[in-house]
Amino acid sequence: MRDTIIDILCEIVEDVDFGTCTTLIDDGLLSSLDVIQLIGALNDEFDISIPATEIIPDNFNSVDAICAMVKRLEDE
């Protein structure tokens, strides 16, 4: 899952070390438009629906945070 999410992120934004970065939102590496694209791609790839309540910086600041959110939503 982690590699798939990194691949999706690399298609949206280039030249970011997604494997280690933990401040994707805080440092402005992902714009609001990027997050919208990411949400659409995650919904399609993992057959989930990300509700508005999950769209918070903590869930998108790192690949690990995104993975945790996706896993949580898959389990629901």
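The following conversation goes through the fold, the last helix and some charged side chains of a predicted model.

Reader: How many helices and strands does the chain have?
Author: The model, which is predicted, has 4 helices and 0 strands. Along the sequence the pattern reads α-α-α-α.

Reader: What is the radius of gyration, and what would a compact globule have?
Author: The chain has a radius of gyration of 11 Å, and this agrees with the value near 11 Å for a compact globule of 76 residues. Along the principal axes, its C-alpha atoms fill a box of roughly 30 × 25 × 20 Å.

Reader: What percentage of the residues is buried?
Author: Of the 76 residues in the chain, 42% are buried.

Reader: Let us turn to α4. What does it reach from first C-alpha to last?
Author: Helix α4 covers residues 63–75, which is 13 residues, and reaches 18 Å. That is close to the 18 Å expected at 1.5 Å a residue.

Reader: Which of its residues are buried?
Author: In α4 the buried residues are Val 63, Ala 65, Ile 66, Cys 67, Met 69, Val 70 and Leu 73.

Reader: What do they pack against?
Author: The buried residues of α4 pack against α1 (2–12), α2 (32–46) and α3 (57–60).

Reader: Now the charges. How many salt bridges does the structure hold?
Author: There are 2 salt bridges in the structure. In one of them, the side chains of Arg 2 and Asp 64 meet at 2.9 Å, N to O. Arg 2 belongs to helix α1 and Asp 64 to helix α4, so this pair ties together parts that are 62 residues apart in sequence.

Reader: How accessible are Arg 2 and Asp 64?
Author: Arg 2 is partly exposed, its relative accessible area being 31%. Asp 64 is also partly exposed, at 49%.

Reader: What does Glu 54 form a salt bridge with?
Author: Its partner is Arg 72, and the closest N and O atoms are 2.5 Å apart. This pair links distant parts of the chain, with Glu 54 in the loop between α2 and α3 and Arg 72 in helix α4, 18 residues apart.

Reader: Why does Glu 54 count as buried?
Author: Glu 54 counts as buried because its relative accessibility is 14%, and the cut-off for buried is under 20%. Arg 72 is partly exposed, with a relative accessible area of 36%.

Reader: Which side chain of opposite charge is nearest to Asp 34?
Author: That is Arg 2, 18 Å away. Asp 34, found in helix α2, is buried yet has no salt bridge.

Reader: What does Asp 34 touch, then?
Author: Leaving aside residues up to four places away in sequence, Asp 34 touches Ile 12, Val 13 and Leu 29.

Reader: One last topic: where does Thr 4 lie?
Author: Thr 4 lies in helix α1 and is partly exposed, with a relative accessible area of 28%.

Reader: Which residues does it touch?
Author: Thr 4 touches Glu 45 and Phe 46, not counting residues up to four places away in sequence. Thr 4 and Phe 46 are 42 residues apart along the chain, and their C-alpha atoms are separated by 9.8 Å.

How values were computed. Residues numbered from 1 in each chain as written. Predicted model: local features only at pLDDT ≥ 70, side-chain atom pairs only at ≥ 80, totals over all residues. Heavy atoms only, no water. Helix = DSSP H or I, 4+ residues; strand = E, 2+ residues; numbered from the N terminus. Rg over C-alpha atoms; globule rule 2.2 N^0.38 Å. Buried < 20%, exposed > 50% of the residue type's maximum accessible area, 1.4 Å probe, protein only. Expected span 1.5 Å × (residues − 1). Contact = heavy atoms within 4.5 Å. Salt bridge = Lys/Arg side-chain N within 4 Å of Asp/Glu carboxyl O. Lys, Arg positive; Asp, Glu negative; His and termini not counted.
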